[in-house]
Amino acid sequence: MSALAPVERAALLGLARAALRHHLGMGPAPEVPAGGELGAPRGAFVTLRRDGELRGCIGRFEADGTLARTVARMAVAAAAEDPRFPPVRAAEVDDLSIHVSALGPRRPLADPALLEVGRHGIVVQRGWQRGTLLPAVAVEQGWDAPTFLQRACLKAGLPPDAWKDPGTTLEVYEAEEFGETR
């Protein structure tokens with residue numbers, strides 16, 4: 001996984017906005033680049049904020065095509081399918097800031113003491129219950145590693161100390177996180 005160049009980051013942000021505008025009937029379908037790092041198979045999350053407040057966030061860990069295609073799909077999904085929020089309306093689009101998290105592969109976290117706040121995102125899973133938090137969330141909230149683990153458990157619908165249970169799977173991943181400032 002190579003780091004994205006500034007021009008590639010800008011292209012992904014523009015693609016996400018164009019996909020969102022197209023979904024809402026406000027513009028043509030964007031052209032999705034297929035080459036370079038944008039054409040590599042990678043998962044991604046897209047986060048939408050309005051006036052600094054979360055407005056939607058959806059992502060996929062598994063590559064479902066290219067990074068560019070995944071970002072375009074997740075931008076639309078964040079606007080239309082996040083069950084925590086009503087769908088984004090056309091009148092809101094210009095007030096949204098878009099944040100992309102281009103994901104690296106997940107790997108098991110054998111020792112929770114190795115969780116690095118700000119570097120790692122966390123996935124907590126027990127049975128069918130699963131929750132994840134992106135690396136930036138812990139930094140934004142000022143959480144230490146144990147709090148980050150507890151919050152991921154709560155997001156999964158598990159007790160906050162479920163991360164200590166041997167029946168709970170912990171995985172970490174890294175993400176390149178970048179976004180618009182509005």
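What follows is a short talk about the terms and the values behind them.

Modeller: A word on the ground rules: this is a predicted model, in which local features need pLDDT of at least 70, side-chain atom pairs count only at pLDDT 80 or more, and totals for chains, interfaces and linings use all residues. Residues are numbered from 1 along each chain as its sequence is written, and side-chain values use heavy atoms, with hydrogens and water left out.

Colleague: Thanks! What makes F45 and F61 an edge-to-face pair?
Modeller: Rings of Phe, Tyr and Trp (its six-membered ring) pair if their centres lie within 6.5 Å; planes under 30 degrees apart count as stacked, over 60 as edge-to-face and the rest as tilted. By this rule there are three aromatic pairs. For F45 and F61 the centres are 5.6 Å apart and the planes are at 70°, so this pair is edge-to-face.

Colleague: Why is the pair said to tie together parts of the chain?
Modeller: Helices (H or I, at least four residues) and strands (E, at least two) are DSSP runs, numbered from the N terminus. F45 lies in strand β1 (residues 44-50) and F61 in the loop between β2 (53-60) and α2 (67-80), so the pair ties together parts that are 16 residues apart in sequence.

Colleague: And why is the pair of F61 and Y173 called edge-to-face?
Modeller: Their ring centres are 5.0 Å apart and their planes at 75°, so this pair is edge-to-face. Y173 is in strand β7 (residues 169-173), 112 residues from F61. Ring pairs link F45, F61 and Y173 into a cluster.

Colleague: Are F61 and Y173 buried or exposed?
Modeller: Both are buried, and F45 is buried as well. Buried means under 20% relative accessible area, exposed over 50%, partly exposed in between (1.4 Å probe, protein chains only).

Colleague: What sits over the ring of F61?
Modeller: The charged end of R106 does, 4.7 Å from the ring centre. The rule asks for NZ of Lys or CZ of Arg within 6 Å of the ring centre and within 35 degrees of the ring normal.
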